[in-house]
Amino acid sequence: MILVSSCLAGFEVRYNGTHSLDERIMELVIEKKAISVCPELLGGFSTPREPAEIIGGDGEDVLDGKARIIEKSGKDVTALYIKGANLTLLKAQEVKATLVVLKENSPSCGSATIYNDAFKGIKMVGNGVTTALLKRHGFTVISEERLFEHLDEYEM
């Protein structure tokens, strides 16, 4: 089973109330080959919500207590992101996910890049907090940009 970000399946759960529909991923969900999840909603956020970025590192640093996740207004929302990451981990374990596909650039889901801490749309190399936690537990996490490079490796 593949676990995918809900926004990639067309659900309007992104911080600004939009989705990031990838029709190929939506098809996998419709065909019951993938299950969607939104770590931010699991953590207790609503939609829409204020944009947030990791301050002082990446998701690994958040998990290690060396960085925080801060909304644009300055509110620390680290605990909600960690809660969402932990609940996503439980879901991945429950469905025995063989692959996890999360939305690139997110402070939660980014698997190659995240936005830096300037709220200016600048990206940096790093994992989001959910990706970091899943990888620590042995899950393969990739972005939507790389999913179809990997499909041949997985029983579909």
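Contact here means heavy atoms within 4.5 Å, and helices (H or I, at least four residues) and strands (E, at least two) are DSSP runs numbered from the N terminus. The model shown in these close-ups is predicted, so to read it: local features need pLDDT of at least 70, side-chain atom pairs count only at pLDDT 80 or more, and totals for chains, interfaces and linings use all residues. Residues are numbered from 1 along each chain as its sequence is written, and side-chain values use heavy atoms, with hydrogens and water left out.**View 1. Helix α4 meets helix α5.** Y81, I82, G84, A85, N86, T88, L89 and A92 of α4 touch V129, T130, L133 and L134 of α5. By class, this contact holds 8 nonpolar, 4 polar and no charged residues (nonpolar: Ala, Val, Leu, Ile, Met, Phe, Trp, Tyr, Cys and Pro; charged: Asp, Glu, Lys and Arg; polar: the others, Gly among them).

**View 2. How α4 and α5 pack.** The axes of α4 (residues 78-94) and α5 (residues 129-136) lie 9 Å apart at an angle of about 40°, with axes fitted to C-alpha atoms over the stretch in contact and angles running from 0 to 180 degrees between N-to-C directions. That makes the pair oblique (under 35 degrees is roughly parallel, over 145 roughly antiparallel, 65 to 115 roughly perpendicular, the rest oblique).

**View 3. The largest pocket.** Here is about 500 Å³ of space, lined by 27 residues, with R14, Y15, S106, P107 and Y115 nearest its centre. A pocket is an open set of points on a 1 Å grid over the protein atoms alone where a 1.4 Å probe fits, with protein on both sides within 12 Å along at least five of seven lines; lining residues have an atom within 4 Å of a point. The lining divides into 13 nonpolar, 5 polar and 9 charged residues.

**View 4. Two backbone details, at P48 and N105.** A cis peptide bond links T47 to P48, with omega about -5°; P48 sits in the loop between α2 and β3. N105, not a glycine, has a positive phi of about 85° and lies in the loop between β5 (99-102) and β6 (113-115).

How values were computed
Points joined across faces, edges and corners; volume = space filled by probe spheres on them.
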